Every structure is written in structure tokens, then in C-alpha cells.
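Work through the exercises below with the sequence and the 3D view at hand. Each task is followed by a solution in steps.

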Amino acid sequence: MFYIPYSYFNSSVTFEFGCVRTNGKYMRLKILIGIFLSFNLTFGQHPKITKIDGGMISIHAIDSTILHLMSAAKVTGLGLAIINGNRIVYEKAYGYKNMETKEVLDTSTVFYGASLSKAVFMYLCLALVQQDILNLDKPLYQYLDKPLPEYPRYTDLAGDDRWKLITTRMCLSHTAGFANWRFLTASTGKYDRNGKLAIYFMPGSRFAYSGEGYALLQIVVEKITGKNLEELAEKNVFQPIGMERTSYIWQPRFENNYALGYDENGKPLEKNKRTNAGAAGSMETTLADYAKFIQYIMQKKGLNQQMYSLMLTPGIPIYSKRMFPTITSDSTTENRAIDLSSGLGWGFLNCPYGKAFFKGGHDDGWEHYNINFVDKGTSILLMTNSSNGEGIFKEVLEKIIGDTFTPWKWGNYIPYNDR
């Protein structure tokens with residue numbers, strides 16, 4: 001769907017697959033494409049989206065770009081949302097949620113959110129900090145009933161007392177000292193069923209993307225609140241923002257409209273309907289819901305000024321050549337021009353248009369990306385149900401909002417025609 005700022009109406013009007021939304025309510029309409037196009041022509045011009053450099057792009061150009069790239073890179077389905085002036089001005093779904101049945105995506109189709117889960121958990125944690133339940137710099141072991149290595153998942157840490165240094169801030173900013181996951185070899189990222197948990201560097205001293213840090217912090221948060229992650233997220237994030245089709249566990253209400261993930265060859269992958277909530281990556285969400293979350297943040301709602309200042313402040317510089325694998329000695333200066341760094345829940349960069357914060361999500365069959373140019377009030381959200389999705393991110397970002405600053409090499413968003 002997309003926003004049409006016609007001055008002829010007293011309220012905003014949104015078209016979406018035969019629906020019109022006005023003042024937040026839906027009415028069913030049967031609209032022929034030809035009539036719809038004629039309607040646009042009658043009013044003289046297509047609505048346009050503002051890029052970060054002040055340039056404009058038409059809805060027609062956006063559609064043409066997305067459809068061309070999806071076809072060229074064999075991307076099954078894609079959801080696109082754009083924020084201008086800190087509010088959602090464009091939402092549209094392209095392609096299929098199920099290729100076999102030819103069911104098309106819409107903006108309410110449930111996607112596996114992968115690591116987009118982490119940004120929501122970070123926001124939840126800051127809500128708990130604001131409520132004086134959690135402290136960003138208190139060592140996590142001080143919240144627990146026994147030493148961390150006495151917990152079943154953390155026995156590997158016995159003999160390395162650096163676990164006593166790990167804090168909430170370190171877990172959220174990926175500086176706790178862990179690799180991504182113990183079952184992924186730290187230096188190569190290859191699967192190792194017998195992998196051990198380890199602390200690879202002094203906590204707080206450098207960046208290394210880590211799901212393990214988020215998993216540890218989830219244990220602490222659930223311990224000190226006496227509530228599970230899903231309950232906490234529902235109360236502090238999903239309900240206040242109106243994210244009605246988002247959850248850290250699979251919900252029966254998702255059955256009527258969800259997407260399958262597809263591999264590089266276009267083959268469907270088995271849908272994992274998770275029953276255990278995981279802060280690092282179990283969330284199911286929709287394009288519409290996650291766009292609401294980003295808009296909420298861009299409008300600085302829900303948290304106080306101090307928490308937003310903390311959330312949107314860059315932290316430790318990132319010098320690694322790539323985000324993955326996480327523990328290597330390889331470094332680079334090529335991202336120094338954008339001051340690439342890690343903060344609470346986000347990656348950060350600086351560019352001629354000000355500060356930006358970003359987050360991706362990646363798993364087999366699911367590839368997502370969101371970047372927010374906070375000083376310009378402009379954001380873009382890309383969600384795909386295809387392992388080929390990241391191959392079009394660079395060109396989409398450049399053509400649609402003029403983002404030539406995302407560190408696509410670091411994120412391994414290798415363009416499809418360079419693979």
C-alpha cells in the first residue's frame with residue numbers, strides 16, 4: 001500500500017489490494033487497474049517519495065525498480081516501507097508468499113523476522129531501564145541466584161572469570177566477548193554441533209556480533225521480572241505500538257496469512273513455527289507492524305528523552321572487514337569514512353546527511369534490512385522471503401532513497417550480478 005497526499009481529500013487515503021483505508025478504517029473496493037491509473041492521471045501526477053538528498057522518486061519508478069530487480073535476482077517476495085518526515089508514506093508488498101499456490105504477499109503477511117528480533121528486544125530492555133528494573137552497566141551475574149557457570153547452558157565458562165564483567169550494555173551492543181553462536185565456528189561461521197561457548201576477548205573492548213549475548217540477557221530479564229519474553233514484549237512493545245501480528249512465538253492467528261521462505265534455487269523451506277521465545281531471533285512480524293515500530297522510534301514515542309539519547313548514540317567503532325564470521329583478526333579502514341560503529345541494538349554510520357542507524361535480519365530463506373536517517377526523518381524497510389533478497393539491497397537503497405552509505409560489503413549484501 002502507499003500514501004497518496006491528494007489535497008482533494010480531508011484525510012489520507014491508502015490503496016491496498018482492492019482496499020481503501022481512510023481515518024484508520026478499511027472499506028472493500030473493487031477497482032480495475034485501468035480505472036485506478038486513470039484516476040491518477042486525472043489528478044495530474046503520481047505521488048512521490050523524498051530521498052535523503054532531497055530528490056524525488058515516483059511510485060511508478062519504485063515499482064519498476066523493485067519488479068525488475070526481483071525478476072533479475074529471482075527474489076520470491078518483498079515488502080517495502082518508506083518513512084518521510086518521520087511517518088510512513090509508502091508500504092507495499094511484491095511477489096509471492098507461496099509460489100506453489102501462487103498466493104501473493106500483502107502488508108499483513110507474517111514473515112519470520114530473524115535478527116530484526118534484536119531491535120525489539122533492545123527497545124524492551126530500555127523500557128525496563130526506564131522503569132528502574134534493569135541497569136545498563138550492572139554486571140549481569142549480580143542479578144542471578146548463582147554463578148553463571150553453574151547454569152546448564154554456561155558450564156563452558158567455568159575457569160574464565162571474565163563472565164563477571166558482562167553487562168546489559170555489552171550484550172545489546174555486541175561487545176560481550178562471545179561469538180555469534182556456539183554452534184557456529186567463531187572464525188569461519190561453519191556449523192559445529194559440538195561447539196563450546198567461550199569468551200574470545202575482554203568484554204567491552206571490541207565489537208563481535210553475537211546472538212549469545214542476547215540469549216544471556218534474556219535469561220536475566222526473565223529472572224528479574226518473573227515474566228517470560230513474550231509477556232514482556234506484548235506489554236511494553238507490541239500493544240503500545242499496535243503490532244497486532246507480531247510475536248516472539250508462533251500464534252494461531254498467523255495461520256491465515258504467512259509466508260514461506262525460499263532458498264537460492266527458489267525451493268520452499270519448511271516453516272518453523274517456534275514455540276520458544278528467543279530475543280536474538282524468534283520473532284514473527286509483518287511489514288506493516290515492523291514499519292510501525294520504526295515509525296514509533298523515529299517519532300521518539302514510548303521512551304523518555306534520556307532513553308532515546310542512549311538508544312541513538314553510537315558506541316564502539318567497528319573495524320572488522322565483515323560482520324560474519326565474528327571472531328577474526330582481519331580489519332579494515334574502508335568504513336572509517338562513515339564512522340561505522342555499534343550501539344545499543346543498532347549499527348551506526350555518519351554521512352553528509354547526518355547520522356543513521358540500521359539493523360538487518362538473515363536466515364535461510366529470510367533476508368531483511370532497515371536503515372534510518374534520523375536527521376532527515378527518512379527510513380526504508382526491506383523484508384524478503386528469499387535467500388536471494390540481499391543481492392538487491394544495494395541497488396534498491398541507492399535508487400529509491402539515495403543511500404550510498406550502507407556498508408554493503410561489511411554486511412555481505414553482495415549484488416546479485418556480482419555473485
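A polar contact is a pair of N or O atoms within 3.5 Å; within protein, one atom must be able to donate a hydrogen and the other to accept it, and residues adjacent in sequence count only if both atoms are side-chain atoms. The model is predicted, so local features need pLDDT of at least 70 and side-chain atom pairs count only at pLDDT 80 or more, while totals for chains, interfaces and linings use all residues. Residues are numbered from 1 along each chain as its sequence is written, and side-chain values use heavy atoms, with hydrogens and water left out.

**Exercise 1.** Describe the surroundings of Thr 326.

Step 1. Thr 326 lies in the loop between β12 (316–317) and β13 (341–342). Strands (E, at least two residues) and helices (H or I, at least four) are DSSP runs, numbered from the N terminus.

Step 2. Thr 326 counts as buried because its relative accessibility is 6%. Buried means under 20% relative accessible area, exposed over 50%, and partly exposed in between (1.4 Å probe, protein chains only).

Step 3. The side chain of Thr 326 reaches the backbone nitrogen of Asn 180 at 3.4 Å.

Step 4. Leaving aside neighbours within four places in sequence, Thr 326 touches Ala 179, Asn 180, Ala 186, Arg 206, Ala 208 and Tyr 209. Contact means heavy atoms within 4.5 Å.

**Exercise 2.** Determine how α3 is set against α6 and which residues make the contact.

Step 1. Helix α3 (residues 116–130) packs with helix α6 (residues 229–241) at about 80 degrees, the axes being 10 Å apart. Axes are lines fitted to C-alpha atoms, for helices over the stretch in contact, and angles run from 0 to 180 degrees between N-to-C directions.

Step 2. This angle makes α3 roughly perpendicular to α6. Angles of 65 to 115 degrees count as roughly perpendicular, under 35 as roughly parallel, over 145 as roughly antiparallel and the rest as oblique.

Step 3. From α3, the contact uses Val 120, Phe 121, Tyr 123, Leu 124 and Ala 127; from α6, Leu 229, Leu 232, Ala 233, Asn 236, Val 237 and Phe 238.

Step 4. These residues divide into 10 nonpolar, 1 polar and no charged. Ala, Val, Leu, Ile, Met, Phe, Trp, Tyr, Cys and Pro count as nonpolar, Asp, Glu, Lys and Arg as charged, and the others, Gly among them, as polar.

**Exercise 3.** State the totals for the chain.

Step 1. The chain has 9 helices and 17 strands.

Step 2. Of its 419 residues, 55% count as buried.
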